[in-house]
Amino acid sequence: MLAESNQGGGGGGGKLGLRSLVRRKRVDSIHSKSSDAGHHQLAKELSIAHLIGIGVGSTIGAGVYILVGTVAREHSGPALAFSFLIAGIAAALSAFCYAELASRCPSAGSAYHYSYICVGEGLAWIIGWALILEYTIGGSAVARGISPNLALLFGGPDSLPAFLARHSIPGLGIIVDPCAAILVFIVTALLCVGIKESTFVQSVVTIANICAMIFVIIAGGYLGFKTGWIGYELPVGYFPFGVDGMLAGASTVFFSYIGFDSVASTAEEVKNPQRDLPLGIGAALSICCMLYMLVSVVIVGLVPYYAMDPDTPISSAFASHGMQWAVYIITIGAVTALCSTLMGSLLPQPRILMAMARDGLLPSFFSDVNKRTQVPVKSTILTGLVAATLAFAMDVEQLAGMVSVGTLLAFTMVGISVLILRYVPPDEVPLPSSLQAAIDTVSLRYTNNSRSEDTDVETSKDQSGFSGEKSELLPRKGETSSEYPLISKASSQAIFNETKRRKLAGWTIMITCVGALTLTYSASNLGIPSLFRLPLCGIGGVMLLFGLVVLSCIDQDDARHNFGHTGGFICPFVPLLPILSILINCYLLLNLGADTWMRVSVWLLIGVFVYAIYGRSHSSLQHAVYVPAAHVDEIYRSSAESLPS
């Protein structure tokens, strides 16, 4: 019954210790937004074109100008384009999951927001904390890489003006980079002006980068046809390192697709999120994949893979054919790519901080939105200060692997969230304790209805001699008539079967995730003796296959049709597609290296302390009352009716 659900759904989870880790918030709705009185609302200014600019600009960094040579020499050879294609398909698995969740839950916070709704507060905090690290380190590393490329435009590595050039501080061994810090401050100021203005500038810079890549494709294609594509005329064929080498290359270039998730972080600022977010994510990823493949096809054809310069493969390829002047165009492309990526790195973090502060997990300072620009200015300025400090004083390249941890954790959690949304979506949602009176009113209404039905049953029994069964209140499935006990019994059986289905689906999703982790860990950790490694692979594979088969056979939850904002993108091939996404991301996570995981573990441990000391006790769900999701609108209507007109 409704009254019982209020007490048992998880309210007061902070007082019950571990229960706070699994309490879940509900999808932002018109009710919750109206209760904010517009104080925390961002400007809805973005269209599909803006989202594509954000996605492409955040994804295509200067790495592609280097990865082409490194991956071709060490892994793929002439099959480099296939490596980019496979990596693009792997990234698309996560993109499909992002597209559905972004259109159903269009609010700031991206993967943190989805995890909080579908999984629980504890894991959502870990994802949010990891994303903070990702965007901070990522932005600093990108800014740090701009000055060497910018110097090439002035004639050489040491050609920048003195106030922009790098300097070494004697005795400390620190190399400061004023240019990087200044660029971070410029981007931060631009982001504070407004989302539409900053996105416009990012789109312009991105177009300049795309033009440079198109030049590489067209001019390189002309040279290739003119010289006979000498890079493909090899006795070893297109796969000198075999299929394994091509797949190893795909896992390396996969990280060049990271960035499209920045689109999801702007969900709250999109005019038509149900339509535009999926199209923006899909179009951005498709454009990036096409450009990557075309550039790799051309460059690998101009120079044999074994003769490529690993540091400047594209520039050296054109120089070998007498086009020295092309170096300037390629350098401009690299600089613009880094600038757009810098903007894409600094844009999401203030929105992550704002989303976490809205939920009470961080101080309210981070959730303040400027009334004029409708941008979280305080969070943006703080993000810029931290990123500029790191870019100025630290060589963060050795920390770059930490960026991938946050992204891959988010990708994995998004895949899990899609499975939960489809099979076990939350059937109880939290409401603020200020609505307790309306909740009690609705609860009393159902209690009275139940008693009235019981009275009708007894009256019918006395008058006709039939022993009618007592009809139970079914708040989530609709009321049943006491005159038809068989219908009531069938409804009770349906609820019992649905409860069993949800339990089976929940345990199966957990077994599937454990199986993916076991399989990828045993397959990638060569240090495990083969005596244990092969059985572990077998156990993980069986668990994964079991999860796929069971989830394919059982029905998905009917509540998924009404979960969140309906009418948007629906992820296809569930459960296969999310499970493949989880498997790939787990594999990449476990192959990032022990040093990276040691550094990330320190950061996550700090996050655990912050949550335990502040977040858990200040969560907006601390005193929330949990009610059946089917009765939320009725409770709000009752609350509105009780207000004085």
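**Entry 1: Cys179**

I started at Cys179, which touches Ser147, Leu150 and Leu164, leaving aside residues up to four places away in sequence; contact here means heavy atoms within 4.5 Å. A note for anyone joining me: this is a predicted model, where local features need pLDDT of at least 70, side-chain atom pairs count only at pLDDT 80 or more, and totals for chains, interfaces and linings use all residues. Residues are numbered from 1 along each chain as its sequence is written, and side-chain values use heavy atoms, with hydrogens and water left out.

I found Cys179 in helix H9 (residues 178–193). Helices (H or I, at least four residues) and strands (E, at least two) are DSSP runs, numbered from the N terminus. Cys179 is buried, at a relative accessible area of 4%. Buried means under 20% relative accessible area, exposed over 50%, and partly exposed in between (1.4 Å probe, protein chains only).

**Entry 2: the whole protein**

Next I stepped back and found 24 helices and four strands in the protein. Of its 645 residues, 54% are buried. Among contacts between residues at least 6 apart in sequence, 84% join residues at least 24 apart. The accessible surface comes to about 27700 Å², and 66% of that belongs to carbon and sulfur atoms; such areas come from the Shrake-Rupley method with a 1.4 Å probe, and for residues only the protein chains shown count as cover.

**Entry 3: Thr331**

I then visited Thr331 in helix H15 (residues 326–346). Thr331 is buried, with 7% relative accessible area. I noted that its side chain reaches the backbone oxygen of Val327 at 2.7 Å. Beyond residues up to four places away in sequence, Thr331 touches Asn149, Leu152 and Leu153.

**Entry 4: aromatic rings**

My search for ring pairs gave 21 aromatic pairs in the structure. Rings of Phe, Tyr and Trp (its six-membered ring) pair if their centres lie within 6.5 Å; planes under 30 degrees apart count as stacked, over 60 as edge-to-face and the rest as tilted. I picked Trp125 and Tyr611, a tilted pair with 5.8 Å centre to centre and 40° between the planes. Trp125 sits in helix H8 (residues 121–153) and Tyr611 in helix H23 (residues 594–618), so this pair ties together parts 486 residues apart in sequence. Trp125 is buried at 1% relative accessible area, and Tyr611 is buried at 7%. I also jotted down one aromatic cluster, formed by Tyr98, Tyr114, Phe260 and Phe411.

**Entry 5: salt bridges**

I counted 13 salt bridges across the structure, each a side-chain nitrogen of Lys or Arg within 4 Å of a carboxyl oxygen of Asp or Glu. In Arg275 and Asp276, the closest N and O atoms are 2.6 Å apart. Arg275 is partly exposed at 47% relative accessibility, whereas Asp276 is buried at 1%.

Asp427 and Arg502 form another salt bridge, with closest N and O atoms 3.9 Å apart. Asp427 lies in the loop between helix H18 (401–423) and strand S3 (428–431), and Arg502 in helix H20 (residues 485–524), so the pair ties together parts 75 residues apart in sequence. Arg501 bridges to Glu498 at 3.0 Å between the closest N and O atoms. These two are three residues apart in helix H20, so about one helical turn separates them.

Technical notes
A polar contact is a pair of N or O atoms within 3.5 Å; within protein, one must be able to donate a hydrogen and the other to accept it, and residues adjacent in sequence count only if both atoms are side-chain atoms.
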